Protein chains: 2
Amino acid sequence: MASAKPDLHGVFYPNSVAVIGAYSNENTERLRWTGWLQSLGFKGRIYPINPHASQILGLEAFRSVKDVPGSIDYAIIAVPRAAVLPALKECIEKGIPTVHIFTSGFAETGRPEDKALQAEIVRVIANSNTRVIGPNCMGVYCPAGGLGFGGIMVGSEAAREPGSIAALSQSGSGMDSLFIPGILVRGLRFSKVVSMGNCVDLGMEDFLEYVAEDDETKHVFCYIEGIKDGRRFFEAVKRCAARKPVLVLKGGMTAAGARAASSHTAALAGSGQVWETLYKQARVLKVDSFEEAVDQLVALARLSETRGRRVAIVGRGGGPAVASTDTCERAGLSVPLLADETRRKILELLPAEGSCLSNPVEVGITGRGRISEHYYDVLSLVADDPNIDILLIRINLEVPARVVRIGDEQIKEYVDIWSRAARSLPKPLAVVFDRGEYWEPIQLAYRMREACSKAGVASFPSVESATRAIAKSIQYYESR
Amino acid sequence: MASAKPDLHGVFYPNSVAVIGAYSNENTERLRWTGWLQSLGFKGRIYPINPHASQILGLEAFRSVKDVPGSIDYAIIAVPRAAVLPALKECIEKGIPTVHIFTSGFAETGRPEDKALQAEIVRVIANSNTRVIGPNCMGVYCPAGGLGFGGIMVGSEAAREPGSIAALSQSGSGMDSLFIPGILVRGLRFSKVVSMGNCVDLGMEDFLEYVAEDDETKHVFCYIEGIKDGRRFFEAVKRCAARKPVLVLKGGMTAAGARAASSHTAALAGSGQVWETLYKQARVLKVDSFEEAVDQLVALARLSETRGRRVAIVGRGGGPAVASTDTCERAGLSVPLLADETRRKILELLPAEGSCLSNPVEVGITGRGRISEHYYDVLSLVADDPNIDILLIRINLEVPARVVRIGDEQIKEYVDIWSRAARSLPKPLAVVFDRGEYWEPIQLAYRMREACSKAGVASFPSVESATRAIAKSIQYYESR
C-alpha cells in the first residue's frame, strides 16, 4: 500500500476493466457487471474472467487476469467469498492498480472467521501497488469514464450523461435504490459516485480529498456510517466544504442506528454529539435521509444563491394555501404581505372576487385545468416585489386531473411559463407538487415534474420538502 | 335562529334538495351540484332552480323554490353574489330548514361592502327557522345521505360508500384536493364531511357537538381557521375527544398563516400558544398538514391500539435500513435487538450471508422482484418476539421495477402475505413504500398501495410519515 497520497484519477477513468466472476449465462451477465459496463458505453477493453467460458456478451473471456495479454487498470472481484483472496492475489501479481471487491460476507457479519478473512485482505495488499475499494460494495459509477453499477442504469440515457454531483457512500443500495434515481429524475447528473463498503483500504477520507480537487464536481453528498481516521476525515471534509457544498447523511446517529450500521459495514459509528459539532465546524449541510439529500441538491443546484427568506406562495388558495404558509414559517421562512403597489397592479389583471392576492397569491391552474392568461404577468409582478426573495409555486392536480383530460400540450404550456419565469425573472422560483393520491394526478404530476427537470426548473414533491431544502440552502449561503 | 341546540340530523339526511342556480347547460351542470347529487345516488327529490329552464339533467326545473309543489329539506345557493340574499329570503319563506350558501365574496374579501352583505345574511336568518352553512364553502358530503360535492366524487364508487370518518373543515379545497382523495385512496370511508366557510350561523362548535354523539362517526378531523365561541368550542372538542379520537389541523398557527386565514374565511385565528394549550387539555391529536391528517387516520383506523414503541424494521438492508432506524428513533420509537431465540430461529430459515437479522431484519422483495419463501414465517417469528410491539415493512421498488416486470400475480402474492400477517399475527403491521423516483416504481407502488387499501393493510408513503403517525397514535393511546 503506497503511503503517499494516492492519485485517484485512474480509479474513475481506467482504460481496461476485468470482471472477475463474470457469468457465462449471458442473460444473467447482461444485468450484471459486464452488461452494466456495456450499457454505460465503457470505451476501453472489458475482460470477462471465467474459467469455463471463451466468450461472454461478445467479449473474449479469460480463465484468469494473468491470462489477459495486455495490462489491466481496474478489476471487479465478483466471486464467492472463498474465492476472493486468490483472485485478489492474482490481481496484485498482474499489477492491477485498482481492485473493487463486490463480494460481501466479511467483517460486517460480526463472525470471527469473516473478520479474519477481511484482515487477510488487508495483509495481502500491504506493500503492494494495488488499492482496494470494498469489500461489500458496488464500487464506482462515473459516467464520463463509462464505469457504473446497478439495475437502475440499464437502458437509461440519463445515467450515461456526465454531470457535476459526486456521491461518496458507505451504502450501495442507498445509491441505486434512492439517491441515484432521485438525482437523475430531477434532471441532475453525476461526476462520480463511490459505494465503498467496508473500506479496508480506500475510504471516505481518500475520496473526499479527491473530489475536493476535482473540477468536474460542484456538489458533494456523503453517506457515512463510520470513519477510520477522524482527524484526517475532519480536515478533508472541511477543506472540501470550503470549496463546494458538502451534504452529509450520517447513518447511525441514534444508538439503534449505530448498531444497525455496524452489522451493515462493520463501521464504528461515533456519537451523534460529535457529528453535530462536526457539521457546524466544517460547515457541511446535514441531511436526515437519502430523499432529503436529493431535495437539498435540487435546491442548491437549481435555485440561484438565495439569501433572503421572504417567500411568495403562488397557487390555488383556501386551506391548503393557509397550511402552506404555516409550513413555510415553521421551516424558518417568512410569507410577508406583498407591497401595496404590487397588489394594485395584480388587481388590475385579476378579478378580485373571493381570491386572496396579498400572499399567498391565488392564481394558477384551476379546478378544471385552465390557466389564467395573466399567469406569467402575475409571476413577474410578484418577482419584482421588493418584499419578496423567492417564489414558491404550489400545484395541486387532484381535482383537475380527475375532471378533465390534461394533455401534453397543456403540460407544455404550464412548464413553459415556469421555465420562462425561472430564466427571466430576478428571483429564484421553485415548483411544488402536492402529494398526489389518485392515479391520474400522480401520473400527471410525474409528467410535469419530468418536463420541469428537462427545462431546468426546480421542482419538489411537497411543500414540507421544498421549504426545508430552501431554508437550509439560505442558511448555508448566509454562513459563508 | 333557534336558540335551542340544533338537531342536525336533517342536515345530513334530507329527503329533498333544491339547487338554486343550476345551469341549464347540462354538460356544465353534470360537473356541478345537480350532477354531484346524481352521481352520489341521492335517493330523494332534486329540484334544479333556474328561471330559464324547464328541465335539467332529466329533472323538472323550477323558476324559484316557491314554485316547488312539495316541501324542501335542503337548499344549495349557487348564484352570483348579488342574487344570494333574495334567494335566501325565498328559502326562509318556503320554510327550508337548511340552506348551504356556496357563493363566495363576503367578509373574506375584507371589503366593507362585502362585510355588510354578510351582516345582512345574519340579520335575515335571525328569528327564522332556517339554519345556514357558509357562505364561501362546499357544504355537506354524506355518502349515506347521498349529499356531496366536488369533482373528486364524479364516477367514484369509493365516494358513494359510507364509513366512519368525519371531517369538519373551514376549507373546501383542503377537502376535495387533499383530504378526501387521500382518505378514499387509503381504503377508508366517510360518515360526514362539512366544509363550512365563513360560518355565519352553523359553525365548528355545532358540528363538533353533533359528531360527538353520532354513532356512525368513529374518528374526527377538524381543519380550523378560527372559531366564534372559544369556551363553547373548547367544551365541544373536549367532550368529543373523550369519546373518539379528534385530530386538529389549525390553519394560521403562525402570524403569516393567521393573516392568510383571515383573507380566506375571515376567521380570527387566535394565537398559536392558546392552541397548543388546547391540544393538551382537550387531548386532541395535533397535525400540521392535510397529508399528515390522512396518515394519522390510517394509523388510528388500521393499526390496532399499539401502546409499545418497539419497532421491528423488515425489508431490504443496507444504508436505507440504517437511515430508517435513525428515523424511527428520532420519531420517539425504538428499534431494539430481537431476542436471541428469535434470531436463532430466523437463522434456521434464512442464509445468513451478509444480511442483518438482528433488527432491521433483511428479508423481503429482492432487487430482482423475488420474495423469500420464508417471508411469512420470518414475519411471524418477529411478531412473536417479546422485544417487539409493531412491525414496519419497508418496500423499495426502484430497482426491481426497473429491472423486471412485476405483474398482478406477484403484487397479489406480496399483498396476500402482508394481509395474512396483519390479520393473523399478534402485533400490528404497517407497510411503508419508499418515495418512488422513476415512473415504473411509482406505478408499481401505487398498485401495491391500492391492493393494501382493499385488503385493509395500513400503508404509508415514507418511513418519516409512518413513524410520525405511529408515534402520535401511541402517545394518544398512552394519554388515555
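In this predicted model, 74 residues of chain A are in contact with 74 residues of chain B; two residues are in contact if their C-beta atoms, placed from the backbone, lie within 7 Å. Residues are numbered from 1 along each chain as its sequence is written, while chains are lettered from A and ligands numbered from 1 in the order in which they are written. Because the model is predicted, local features need pLDDT of at least 70 and side-chain atom pairs count only at pLDDT 80 or more, whereas totals for chains, interfaces and linings use all residues.

**The two chains**

- On the side of chain A that touches chain B, the elements giving two or more residues are helix 7 (173-185), helix 10 (255-265), helix 12 (290-302), helix 13 (319-330), helix 16 (398-403) and helix 18 of chain A. Helices (H or I, at least four residues) and strands (E, at least two) are DSSP runs, numbered from the N terminus.
- Helix 13 of chain A gives the largest share of that side, 10 residues.
- By class, the side of chain A that touches chain B has 28 nonpolar, 31 polar and 15 charged residues. Ala, Val, Leu, Ile, Met, Phe, Trp, Tyr, Cys and Pro count as nonpolar, Asp, Glu, Lys and Arg as charged, and the others, Gly among them, as polar.
- Chain A is superposed on chain B by a rotation of 180 degrees with 0.0 Å of shift along its axis (RMSD 0.0 Å). That is the relation of a two-fold axis. Copies are superposed by least squares on the C-alpha atoms of residues with pLDDT of at least 70 in both.
- The same surface serves both copies, as 100% of the contact residues of chain A recur in chain B.

**Helix pairs in chain A**

- The axes of helix 17 (residues 408-424) of chain A and helix 18 (residues 439-455) of chain A come within 10 Å and cross at roughly 40 degrees. This makes helix 17 of chain A oblique to helix 18 of chain A. Axes are lines fitted to C-alpha atoms, for helices over the stretch in contact, and angles run from 0 to 180 degrees between N-to-C directions. Angles under 35 degrees count as roughly parallel, over 145 as roughly antiparallel, 65 to 115 as roughly perpendicular and the rest as oblique.
- The contact involves A:I411, A:Y414, A:V415, A:W418 and A:S419 of helix 17 of chain A, and A:R447, A:M448, A:A451, A:C452 and A:A455 of helix 18 of chain A. By class, these are eight nonpolar, one polar and one charged residues.
- Helix 14 (residues 340-349) of chain A and helix 15 (residues 375-384) of chain A have axes that come within 10 Å and cross at roughly 175 degrees. The two helices are therefore roughly antiparallel to each other.
- A:T342, A:K345, A:I346 and A:L349 of helix 14 of chain A meet A:D377, A:V378, A:L381 and A:V382 of helix 15 of chain A in this contact.

**Backbone details**

- Most residues other than glycine have a negative phi, and most peptide bonds are trans.
- Phi of A:L57 is near 50 degrees, a positive value in a residue other than glycine. A:L57 is partly exposed, with 19 other C-beta atoms within 10 Å. A residue is buried if 20 or more other C-beta atoms lie within 10 Å of its own, exposed if 12 or fewer, and partly exposed in between, with C-beta atoms placed from the backbone.
- A:C199 has a phi near 50 degrees, a positive value in a residue other than glycine, and A:C199 is buried, with 25 other C-beta atoms within 10 Å.
- The peptide bond from B:G134 to B:P135 is cis, with omega near 0 degrees.
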